[in-house]
Amino acid sequence: MSVQNQKLDMLSLLKESGLAALIAAALALPLAGFKTFDVNGTLTAETRFNWVLVAAVVVFFGRMAISIGQKTFFPSMGQAAGGAAGSIGDVINQNRTLLLCLLLAAVIIFPFTPMANRHSLDLAVYVLIYVMLGWGLNIVVGLAGLLDLGYVAFYAVGAYSYALLATTYDLSFWICLPLAGIFAASFGIILGFPVLRLRGDYLAIVTLGFGEIIRVVLLNWYEFTGGPDGISSIPKPTFFGLAEFSRSGSDGLPPFHELFGIEYSSLHKFMFFYFLILALALVTNLFTLRIRKLPVGRAWEALREDETACRSLGINPTNTKLSAFAIGAMFAGFAGSFFATRQGFISPESFTFIESAIILAIVVLGGMGSQVGVVLASIVLVLGPEIFRELAEYRMLAFGGLMVLVMVWKPKGLMSKRNPTVLMHNDTNAKQGAAK
Amino acid sequence: MEYFTQQLINGVTLGSIYGLIAIGYTMVYGIIGMINFAHGEIYMIGAFVSMITFLVLTLVGGIWLPLALLAALIMAMLFTSIWGWTVERMAYRPLRGSFRLAPLISAIGMSIFLQNLVQVLQGARVKPLQPLISGGFEIMEKDGFTVTISYLQIFIIVLTIVLMTIFTLLINKTSLGRAQRATEQDRTMAALIGVNVDRTISTTFVMGAALAAVAGLMVTLYYGVIDFYIGFLAGMKAFTAAVLGGIGSIPGAMLGGLLIGLIEAFWSGYFTIEYKDVAAFSILVLVLIFRPTGLLGKPEIEKV
C-alpha cells in the first residue's frame, strides 16, 4: 500500500516537474533561444538552444526539489522555523529599548572606529539616505495607507530647489534645507488636493504619472534645470556657518580642523555628512513616533483601517490624507537637498521610477508601519546590490525577483507588524484573564 | 485641414495599439480588481517575440510577406500568452485574498524582473528592424503637403477592428465569456455555481497577453525599433486609456485607447513633441478628478 502510494507520488512528481520544465522551455525558447545582434546596422539572430535546455533542466529539478521539500520536510520545518522566529521575536520585543539604544550607540560610534574610511562612510551615508526616505514614505504608505508610487518626485523637488537656490542665490545649506522641505511639501499639497479623494489604486497611478511628469519637465526645461546635463558644482554645506571642510578654508570661514584645533583629515567631511544624514533620519523617525500618538497620527491609522468609519466619526479624510502626504513629501524634500549637497551634481537620471520602486520596496518589505523593518530592508536592498556591483546586469533582475518572492512568501513584510497604535478593546484579554 | 487629416490617421493608428494593450488592463482590473503592472512588460515581450520571429524567417530564407506576418502574429500570441499565464500563476495567484496592496507590489516586482530579464538575454541596445511593409496611398495633396495612409497603417487599423470584433463576440456569446462576466460580478457565487474561478482568471490573463502581443507586433512593424524599456511608457499610457474609458469596461478601453492615441498625435503635431507624455498623464489626472468612473464606466458603489 505504502509502496504503491510512493510510486504514485513519484509518478505525479515527475509529471508535475516535466510540465514545469516544458513551460520553462516554452518561455525561454523565443527570448533565450535566439540571440539578436547588430551587424553593420542590420539585425541578425543566431540560435542559442543550449540556454533553453539549461532553463528547462534547472526548472525541472528545482520544481522537484520544492515538491519533495514541501512534502517531506516543510510541514515540520516550517513549524520549527516559526517557533524559533517567534522566540527570537519575543526576545527582541522584551529588550527592545535596550537593543535600540545599543544599535544607536553603535551607529554613532561607527565613524570613530578604525572601520571608518571613505568608502565605508560613503556606503553608510548611501544607506542612511534610503533609511530616511523609507521612514518618510512610511508616513504616507505605512501610517496613512496611501500608496505613493511617485515619491521620488518630491525627492527631486527637494534636490533641485537646493541646487538652484544655492547656485543662483548663494544661499547656504542651512537656509535652503527648510526651504527645500517647504517646496516639496507645497508640491505634495498641490498634487494631493485634487487626487486624494480617489481610491487607493488610482492614487498609485496618479502619483506614478506625477513622478514621470516631474522628470520629463526637469529633462526638457533646459533654461531652468539644465535639462539632461543637470546642475553641477553644487556647494557643500559648511559646519553650521562656522567652519569649512577644506584644508585652507575659504569665503572668510576658517577650516574645520583649525576651529577645533585638531589634525587635518580628509575624513572629517565624510563624517560630517554621515552625522548630518543620521540626524535628519533620526528626526524623521522621532517625528513619526511622536505623531502616532497625536490626534492626527491616530486619524491616519484609523483612515488606513477603515475610511467609511472615519467619515462617520467626523474625520475629514481629504485633509487628513493631505497632511500625511505633505509631511511625507517634506521629509523627501529634506533628503533631496542632502542628496544634492553630497553628490555636488544632480540630473534627472537620479530620479527615475526605479528609485520610487526601491523606496516603496523598502517600506513594504520592511513591513508597512514598522520603523525597524525599514532599516533592515534598506540595508538588504541598498547594501546588497552595492556589494554585488560587479554583477550590475543582474542586480535589478534579482531585485525584481526578490520583491515578488518576498510578497508571495510573506505578504506582510519581513517585520510584519502593522498594529494600530490604539485599539478600542485593547484590554479585553486582560479582563478575561481576570475573570478566570 | 490636410495636416489635421494626417494627424488623425496617425492618431488612430497609435490609438489602436494603445487600445489593444488597454483591454488587458481593463479585463484584469474588472475580474480581480488589481492593476496588472507587468502588463506593459508582457507587451514588450510580444514585441521581442515578433521581432525574433521575423529574424528567424529571414534567416531560413525569404518567405511570402503575408505568411510571414501571420507566422509572427501566431508566434507572438502563443509565446506571450504563456508568459502572461506564468506571471499570473507565479506572482499573483498565491496572493489572492491577501491585503490590497500585496498583488500590486508583486506586480511592480514582476515588471522590474521581466524588464531586466529581457535586457540580460537580448542586450540593452535598441533593436532596429528593416521595414517590412512600405508604401501607401496618397489621399489628398494641397500646397505641397501630401496626406498619406501607409499600407502598414491600414494593416494595423484593420487587424485591430477584426481582433476587437472577435474579442467582443468571445466575451458576449461564449460560455467562456459568461464565466468571465460571472467571476467579475461575484467570485464566490460564480464558484458555487460551478465556474472554475482560477481557470477563468488565468484565461483572462492569457487573452490580455495575446492582445498585448499583437500590439507588440504592430509596434515592431510601425516604429521599427524596440528595446527592453518600451513596456513602461506604453503600459502607462494604455492604463491611462483604460481609466479614461472607464476601467472594467471593454468598449471603454478601446475608446480610451483611441482618444489617447489621438491626443498624443495632435499634441505632437500642434504643440511640442517633448511634452507629449506629460499631456497623456495630465489627461489621466484630469479624468480622475472630474470623472473618476471614466467615460463608459459604472459608478462604484461602496458597501459597508
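## Where the two chains meet

In this predicted model, 43 residues of chain A are in contact with 52 residues of chain B; two residues are in contact if their C-beta atoms, placed from the backbone, lie within 7 Å. Several elements of chain A give two or more residues to the side that touches chain B, including helix H1 (2-32), strand S1 (34-39), strand S2 (42-47) and helix H16 (392-409).

What kinds of residue make up the side of chain A that touches chain B? They divide into 31 nonpolar, nine polar and three charged. In this count, Ala, Val, Leu, Ile, Met, Phe, Trp, Tyr, Cys and Pro are nonpolar, Asp, Glu, Lys and Arg are charged, and the others, Gly among them, are polar.

## How to read the model

Residues are numbered from 1 along each chain as its sequence is written, while chains are lettered from A and ligands numbered from 1 in the order in which they are written. As this is a predicted model, local features need pLDDT of at least 70 and side-chain atom pairs count only at pLDDT 80 or more, whereas totals for chains, interfaces and linings use all residues.

## Chain A at a glance

Chain A has 17 helices and two strands. Of its 436 residues, 38% are buried. A residue is buried if 20 or more other C-beta atoms lie within 10 Å of its own, exposed if 12 or fewer, and partly exposed in between, with C-beta atoms placed from the backbone. Among contacts in chain A between residues at least 6 apart in sequence, 74% join residues at least 24 apart.

The domain assignment of chain A gives domain 1 (8-66) and domain 2 (107-409); such bounds come from an automatic or database domain assignment. Taken over C-alpha atoms, the centres of these two domains of chain A are separated by 41 Å.

## The largest nonpolar core

The largest nonpolar core has 213 residues, and those with the most contacts inside it are Met132(A), Ile277(A), Ala335(A) and Val214(B). A nonpolar core is a set of buried Ala, Val, Leu, Ile, Met, Phe, Trp, Tyr and Cys residues joined through C-beta atoms within 7 Å. Helix H4 (residues 118-143) of chain A gives the most to this core, with 15 residues. Domain 1 (8-66) and domain 2 (107-409) of chain A both give residues to the core, so it lies between them.

Leaving out residues up to four places away in sequence, Ala335(A) touches Ile129(A), Met132(A), Leu133(A), Gly136(A), Tyr155(A), Gly158(A) and Leu280(A).

Helix H1 (residues 2-32) of chain B has 31 residues and reaches 45 Å from its first C-alpha to its last, close to the 45 Å expected at 1.5 Å a residue; the expected span is 1.5 Å times one less than the number of residues. Because 23 of the 31 residues of H1(B) are buried, this helix is largely enclosed by the rest of the structure. Just after H1(B), Gly33(B) takes a positive phi of about 65 degrees.

Helix H11 (residues 276-290) of chain B has 15 residues. Which of its residues are buried? They are Ala280(B), Phe281(B), Ile283(B), Leu284(B), Val287(B) and Leu288(B). Seen down the axis of H11(B), the buried residues fall within an arc of 150 degrees, so they line one face of the helix; the arc is that of the directions from the helix axis to the C-beta atoms. On the other side of H11(B), Leu286(B) and Phe290(B) are exposed.

Glu264(B) is in helix H10 of chain B and is buried, with 23 other C-beta atoms within 10 Å. Apart from residues up to four places away in sequence, Glu264(B) touches Gly11(B), Leu14(B), Lys276(B), Ala279(B) and Ala280(B). Glu264(B) and Ala279(B) are 15 residues apart in sequence and 7.3 Å apart in space, C-alpha to C-alpha.

Gly248(B) sits in the loop between helix H9 (230-245) and helix H10 (250-270) of chain B. Gly248(B) is buried, with 23 other C-beta atoms within 10 Å. Val225(B), in strand S4 (residues 225-226) of chain B, counts as partly exposed, with 13 C-beta neighbours inside 10 Å. Val225(B) and Pro128(B) are 97 residues apart in sequence and 4.4 Å apart in space, C-alpha to C-alpha.

Terms used:
Helices (H or I, at least four residues) and strands (E, at least two) are DSSP runs, numbered from the N terminus.
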